[in-house]
Amino acid sequence: MAEAKDERRPAGELEASVMAALWAAGAPQTPGEVQLSLGTGLARTTVTTILSRLHEKGVVSRARQGRGYAYFPVQDAHGLTARRMHTELDRDSDRHTVLARFVAQLSEDDERVLRDLLESGEQ
């Protein structure tokens, strides 16, 4: 039993792989199609569980296809990263301090990009 636990993937790795497969497909995918594209030997039930969890988190949406569902991402990779950043920011009640420390740790290039975005009002 200890061996199986040692072989577990890091948290989020499977979700990231599934999201990458969905983005690459460019069309809604069934769990079986995602399983085939991953080619990692994962059981279809495992892929279905991952897709269901991603759906519960609001990261993917789904549409009926036959007796099951076909899944598709609701945002591209950049949008998902931005969403994660917002989620982390929302976890702390002192947004000012969190943002101040975030900005203080930016590289000069990233700070310049952020300033340009704020000044241009680009979203």
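What share of the 123 residues in the chain is buried? I looked this up before anything else. Buried residues make up 20% of the chain. I also noted that this is a predicted model.

**Entry: the fold**

I went through the secondary structure next. I found seven helices and two strands. Reading from the N terminus, I wrote the order down as α-α-α-α-β-β-α-α-α. So much for the outline.

**Entry: the largest pocket**

I then turned to the largest pocket. Its volume is about 610 Å³. I listed 16 lining residues. Nearest the centre of the pocket lie A82, M85, L99, F102 and L114.

Which helices each supply at least two residues of this lining? I found α5, α6 (95-104) and α7 (108-120). Helix α5 gives the largest share, with seven residues.

I sorted the lining by class as well. Eleven of the residues are nonpolar, three are polar and two are charged.

**Entry: M85**

M85 sits in helix α5, which spans residues 77-90. M85 is also among the residues nearest the centre of the largest pocket.

Is M85 buried, exposed or partly exposed? Its relative accessibility is 46%, so I put M85 down as partly exposed.

**Entry: a surface patch**

Last, I checked the surface around M85. M85, F102 and V103 make a nonpolar patch there. I noted its area as about 260 Å². Two of these names were already in my pocket entry: M85 and F102 lie nearest the pocket centre, along with A82, L99 and L114.

Notes: Residues numbered from 1 in each chain as written. Predicted model: local features only at pLDDT ≥ 70, side-chain atom pairs only at ≥ 80, totals over all residues. Heavy atoms only, no water. Patch = residues over 30% accessible without salt bridge, like charges linked within 9 Å, V, L, I, M, F, W, Y side chains within 5 Å. Areas by Shrake-Rupley, 256 points an atom, 1.4 Å probe, with all protein chains shown as cover. Salt bridge = Lys/Arg side-chain N within 4 Å of Asp/Glu carboxyl O. Helix = DSSP H or I, 4+ residues; strand = E, 2+ residues; numbered from the N terminus. Buried < 20%, exposed > 50% of the residue type's maximum accessible area, 1.4 Å probe, protein only. 1 Å grid on protein atoms, 1.4 Å probe; cavity = no way out; pocket = protein on both sides within 12 Å on 5 of 7 lines; lining within 4 Å. Points joined across faces, edges and corners; volume = space filled by probe spheres on them. Nonpolar A, V, L, I, M, F, W, Y, C, P; charged D, E, K, R; others polar.
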